[in-house]
Each structure stands twice: as C-alpha cells, then as structure tokens.
Amino acid sequence: MFVQINDLHFSYKGAHEETIKGFSISITKGEIVSLLGDSGSGKSTILRLIAGLEMPNQGVVVVNNCVCCDDCQFMPPEDRGVGMVFQDYALFPHMTVEKNIRFGLHKLNRKERNARVEEMLALVNLTEFRHRYPYELSGGQQQRVALARALAPKPALLILDEPFSNLDTSLQHRIRDDLRRLLKQTGTTTIFVTHDEEDAEALADRIVYLGEGKIKKQVMTENNKTFNPQIPCFV
Amino acid sequence: MNWHAVKRQLNGWAILSFLAILLIVLPGIVVLVELFAPVNDNWQHIQEYLLPRYVRNTLFIMVATGVLTTVIGTSLAWFVTVYDFPFRRFFKWALILPLAIPPYIGAYTYHGILNYTGVIQTTLRNQFGITVDQSYFNIMSIQGTVFIFTLFLYPYIYTITRAFLHNQSSSMIENARILGRGSWDIFFTVVIPISRVAIIGGVSLVLMEVLNDYGVVKYFGIQTFSTAIFSTWFGMKDTSSALKLAGTLMILVIAILTMERLVRGRKQFSYASTKVKPLKPRPLQGWHRYAVFAYVSLVFAIAFVIPFTQLTAWTFLTFDTVFTEEFWQLVWNTVRVAFTATVIILLFALIIANYTRLFPSNMTRVISKVTTLGYSIPGAAIAIAVITLFLWLDDKVLDLARALDLSQTFVFRTTLIMLIFAYVIRFLAIGYNSIESGFEKVGKSFTEASRMLGWNTVQTFFRVDIPMIKGAIMSAFILVFIDIMKELPLTLFLQPFNFSTLATQAFKYVSDEKIHEAALASIVIVLMSGLLIFVSHKVLDKEAD
C-alpha cells in the first residue's frame, strides 16, 4: 500500500483518555480519502500525527515505502515528504504569493524552481496575482495559494485540514469540484478532514467515518466508481 | 514517554535554554545557600536592632506607594479611556512619560526644587519676603520617598490598565450603561472587578521597582533593605550578613508574588476575546470636563513637566562645565553596555521562548517561570550574588593558572562581563515576556507550515519565526534598552574601575551635592528614554491596529 497506518494511539498531555485509540488505514496511490467526524472525534489529530506535528504513543506510519514513525524512530515533519494545507492556510504574511509557493522548493536548482513556480501558478490560475501579499487576496484565492504551496514540492501525500471551513457556501461548491479535478490531474494521494458529509461526498473516493478516536465505518463514494474503479474497498 | 520522545526533547534548543537558565539561577542559589550558613555576631546585631526597622520602612513605603499608584494609575486609565476631554489624545501617551524619569533623578530634582536654595523658597524669600518653616519643605523623609515613587511609578499601572480597558471592556461598560448604571457606579461595580488582574499585575511591577530602588532611599537617607545590604557589605565589610539580608529580601519578594497568585485565584480571566472593539470615549459636560482636565494636567505637570523644566534649567546653568570630552565617553559607555546586554538578552529570550513554544511540557513551563524570576530579584541582591560568584570564579581561574604555570590570568571581575551578566539576569524577563507574547499572537501554524515544506526548526526560526515577530522583537529591544540605560544599583556596584555611565555619573554628582551638575546626564537619560517610549508606543499602537 502507498500509505499504511497501523494501530495509531495518541493522547494529549495531561489527558486521561486517549484521543486516538488504534487507528489503522491503507490508502492506494492517487486515492482521495476523507476523514469525516464531529468535532472532538480526533480527525485533525490524525492528520497532525501523519504530518509529524504530534508524536504518537504507539503505532506505525509508512508513506511511499518510507517509515515515518514506528516504535523506535520518529521522522521530523520536514523529512517526511508530506504536504499540508492548514485550516487557516497559514500563508506567510511577509511573503508574496510567488515567494510563498517558492518557499518549499529549496531542494531544486534555480531553473527547476522557477519552472515549478510558473507551473503551480498556472495550475491554480493565479499567475497575475503572483506579486500580491496574502492579505490582498480573497478567501478562495488564499486557499488556492495554500494548495499550490503544498503541492509545489510534489509531496507523496497531501493532507488538508477542513479545507472549506473558511469559505462561504456558494464558493464551497465550485471550489471542491475544482479541487478534485486538480488533485486527480496531479495524481496526488490525499487525506482530508471535514465535518460536512456533502463535502466528503463531492471530493473523496472513500469516506472514513470517525468517532471516539476509532473508525466507525468506511464507504466508497459515487466518485470512486467513475474515477478509479480498481481501488479495493475495505468496508 | 518512550525513548524517542526523550530524544526529541533533547535538541539544540533545549540545551541552549538549559544553559541560559543555569546562568540565571546561579546567583539566586548563591544567595539562598548563604541563608542557611552559620550566623556571625554582626548578623545577630543586625537581626536584633536593625532588621525590624528595615522591614518596617520597606513595608511602609511599599504599602503606601502601592495604594497611591493604584488610585492614580487606575483613575487616569479610566478617564483617558472612557471620557473625552480637552487634549485627551495627547494625554493618552503623555501620561506614560514620567516613566522616562528614573525615580532617583526625580528625587534629587524635587529636593533641589524644594530645599532652602531651591526655586520655590528663593522666590518666596526674594519676591515676597517670606521665610517658610523648613520642615514643610523637607522631602527627604519616608513620606517624601513615597511621593517620589508614586509620581514616577504610577505609569506601570496606568499603561497596563488602560490597554486592558481599551481593548477588552467596551461591551461590558456599554452594557452597564444600557442597564442604566451611572459612571461612578460602573467604575466600582464593573471596571475595578474586571480589571483587577491588570491592576494587580501593574502593582506588582511597581512593588518590584520599589524593592529594587537604591538611588532614592540612599539619597534621602531612608534605611531599607537595599541600603542595608550595601552598607553591611561596604560599611561593615560583612559579605555573609549582606547575603543574608539579600536572601531575606528575596523571600519577601517570593511572598509577594505568591500572594499575587493567591489573590488572583480563580479569577485569572483575561477576557481574551479576539474581537477587540475599542471603547468610544464619551464627551464630558460642564464642570466635570474641566475637573477631569485639571486632574490629569496636574498629575502630568507634577510627574513630568516640573521636574523636566527644572532639569533643563540646571542643564543650561552648568552646560559649559559639564559638557566635555568625557561626557561623550559617558554617552558612549551607556549606549555600548546597554546595547550589548540588550542583544544578549534578546538572543536568550528568543531561544528560550522558541523552545518553550515548540516543545511544551512541564519542563518548559518551569523554564518559562524561572526566566521571569530575575526581574523580581532586587538589584542589591543580584549585585552581591554576582560579585560573590565572580570572586569565586576568579579564584578558580587563578588556581588553574598556577597549576598550569601561566604567568597571565584572566580576571573577570574587572571587566564589563560581570555587569552585563547582572543585567541579563535582571532584565531577561522584560525581553522574554514581550517576545513570548509576540509568539503567542502569531501562533504555531506558520512554523508548522514551514516544516511541512521541508525546513527544520533552525531554518524555520530564521526564515519564518523571526520575520513574523519583528514588531515584538523591536519593542522588546526598546523596553530592555530603556531599563538598562536607567538602571542604577547594579551599574553602581558592578561597573569596572574607571568606567561610568550616565546614570552612575549623575548619581555621583548628586552624592557630592553637585545637584546642578547632574542635570545634563539626567536629561540625556530622560530624553533618550522618552523618545524610545514614544517610538515603542507608536510601534505597539500600529501593531494593535
């Protein structure tokens, strides 16, 4: 499997109960998985554990044959090759759109870097906004910058934390269709978190229902049948 | 915690923070250890005959200053925030200016104004033929000390309370108005209770300053802990007893801080509503308008305009004799030593604040507390502890040099290292607090975003964290720099031979009863601090927008 997570356990400091109680999932390359659950179900925590922003009590995370974390090692987030779009986007306010996108491309040489920035700007349709600062953009544009920035280093896995929570409803519908097209176009394996079933239906190939730190059930969506029928189902 | 969790905690940030903290607590340990050392005859004498007086005087000054600064600071904050009166916008920041005048400078200035040869008595004698009873004009008493502290320390309470009222209270005050409460009523039933935490925070700063002061009480001849520590140390040459006094003083401070925690109790609310809605000031009618204006002007006049004018006059009087080559040397010394110490403090503060932010645990909570402890240790205690420490260190270096048969050795206590070390201990808290709150405002997501894009914590620190909290670093720099420039006791006792700053030179003139000559150095301190205070408030105001 491209992404393999086994028996993940986690508790926040000082908490008696574990927030995540044995979470496991396998994801194939190019699949879009949605973690759906109420607030407090631990869905954002799972993302942070995969990203390496929190350290699990136990469990294994493997992304693209690379062991990010098991009982004897913990890879820091910067070495994992995982891209993340934050709920509040976390665009660097002191950098322009172009500089934000360029930020994660330090491993490329100058020529590749420039080419990649152009490619990403074109992909999210923001070429003419390249010299703007984040505060000069609308919410939807900011989200596209955040997405371009996360995709630019070609992460093995992309994770999105509540990608639509900061957008108004009318925008939400259009953007999630665009987003799905974009993710499929780039073939990016994606995990995203939401509390809105409709978002999950529209964007994901598979929906994972979470409750009390565990998987309640998993469902393949309509998208899955049209886009990628060979993905195995573990319901 | 499993073993890689331990490994994750033990990184460069942690090691550097631990080293910094170790340096900070070392002098405190020296003082506290001495508390348990066997007593000598001197100490018994001090304990029996002198200590009760030190305690009485110190407590009286603290209580009286605490009450008066609270009344003045809170009332000013309330008037400036809630009412509109002539020149309100000017007073809003002008009322902070007395902070630019260190209390010891205020003390000798007022003494100079009020004494027999001062401007008031001379005018009365020469113009009106009135000779007054000297006892009415004697400011060198314990009441005079309280007067001076109140004038020049109330801005601590004023600024904290005003910021709180301005940002947080509008909805509550507006609600109380809608519910039909009068202003007076609102002040006591709403404003005081909700701003209690802010006021107590301000008062504890004032009390720390009072305990730290050496200049005012020394000049006025009031026996408090500070003067007692130094006179035991230099007069009786009894370091052990001086350290014991310092230890007793530290216990007093710890008691105050604990009391503050207890008083606050569960009421640690900060009303950190993210929607900051400033209160719209309400115009005052009739005589109220002039009464408020008169009160505010009076405080500003006594606490700033009068002493500042007097200092200016004295400066012109003595300019030719005082303004020499050596004076430039003083300015250069002051700026150089303050700048060096400030930069070191900011480095420490940034490292520790970043560590406690990135790796929150019980350990980092302790580190964060300890970092801010230094500010509550009075200068007298730090000075004697640091000297004791450096004497020991120099001894060890000498031993080492002998063992290695070196002809030359390095002596720390004759260098600026000792003074700068003491500054770092005392003022790290100031830098740390503003950098920590800068980090808090920015949050962690930018740092996390940077790490998700492949940069480690050190690279992220320089590329993202520092640019994001530039404003906080800038205001930390200004606050620390001002404090060091004004500092007296540490500089006075730890400066190397043949080295003086503006503050110590001014105090030296004053001690030699050359009050007029002290004016130039004093006014440079006041102008530089005033300017920096102005700049920092512009920066802070802009950030708040």
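Two strands count as paired here if DSSP finds at least two bridges between them. With that in hand, here's a quick tour of this predicted model. In chain A, five strands line up as an open antiparallel sheet in the order β2-β1-β4-β5-β6. Chain B has 24 helices and two strands, and the contact between the chains takes 24 residues from A and 17 residues from B.

- Inside the order, β4 (residues 58–63) and β5 (residues 66–70) of chain A run antiparallel and share three bridges.
- If you want to find that pairing on screen, look for Val63(A), whose bridge partner in β5(A) is Cys66(A).
- Helix α1 (residues 43–51) of chain A lies across β1 (3–10), β2 and β4 of chain A, and makes an angle of about 65° with β2(A).

**Other strand pairings in chain A**
- Strand β3 (residues 32–36) of chain A pairs with strand β10 (residues 206–211) of chain A in the parallel sense, over four bridges.
- Opposite Ser34(A) you'll find Ile207(A) in β10(A).
- β10(A) also pairs with β11 (residues 214–220) of chain A, this time in the antiparallel sense and over six bridges.
- Leu210(A) sits opposite Ile215(A) of β11(A) in that pairing.

**Where the chains meet**
- On the side of chain A that touches chain B, the elements giving two or more residues are β6 (73–74) and β7 (82–85) of chain A.
- β7(A) gives the most to that side, with three residues.
- Sorted by class, this side of chain A has 14 nonpolar, five polar and five charged residues.

**Chain B overall**
- For 545 residues, a compact globule would have a radius of gyration near 24 Å, and the 25 Å of chain B agrees with that.
- The C-alpha trace of chain B spans about 75 × 60 × 50 Å along its principal axes.
- Buried residues account for 45% of the 545 residues in chain B.
- Among contacts in chain B with a separation of 6 or more, 83% join residues 24 or more positions apart.

**A helix pair in chain B**
- Helices α2 (residues 12–35) and α17 (residues 379–403) of chain B pack at about 95°, with 9 Å between their axes.
- Angles of 65 to 115 degrees count as roughly perpendicular, so α2(B) and α17(B) are roughly perpendicular to each other.
- From α2(B), the contact uses Leu26(B), Pro27(B), Val30(B) and Val31(B), while α17(B) brings residues including Ala381(B), Ile382(B) and Leu389(B).
- By class, this contact has nine nonpolar residues, one polar and no charged ones.

- Most residues other than glycine have a negative phi.
- Glu162(A) is not a glycine, yet has a positive phi of about 45°.
- You'll find Glu162(A) in the loop between β8 (157–161) and α5 (169–186) of chain A.
- Being buried takes 20 or more other C-beta atoms within 10 Å, and Glu162(A) is buried because it has 20.
- Phe87(B), also not a glycine, has a positive phi near 65°.
- Phe87(B) lies in the loop between β1 (83–84) and α4 (88–94) of chain B.
- Phe87(B) has 12 C-beta neighbours inside 10 Å, so this residue counts as exposed.

Terms used
Residues numbered from 1 in each chain as written. Chains lettered and ligands numbered in written order. Predicted model: local features only at pLDDT ≥ 70, side-chain atom pairs only at ≥ 80, totals over all residues. Contact = placed C-beta atoms within 7 Å. Nonpolar A, V, L, I, M, F, W, Y, C, P; charged D, E, K, R; others polar. Axes fitted to C-alpha atoms, helices over the stretch in contact; angles between N-to-C directions. Parallel < 35°, antiparallel > 145°, perpendicular 65-115°, else oblique. Rg over C-alpha atoms; globule rule 2.2 N^0.38 Å.
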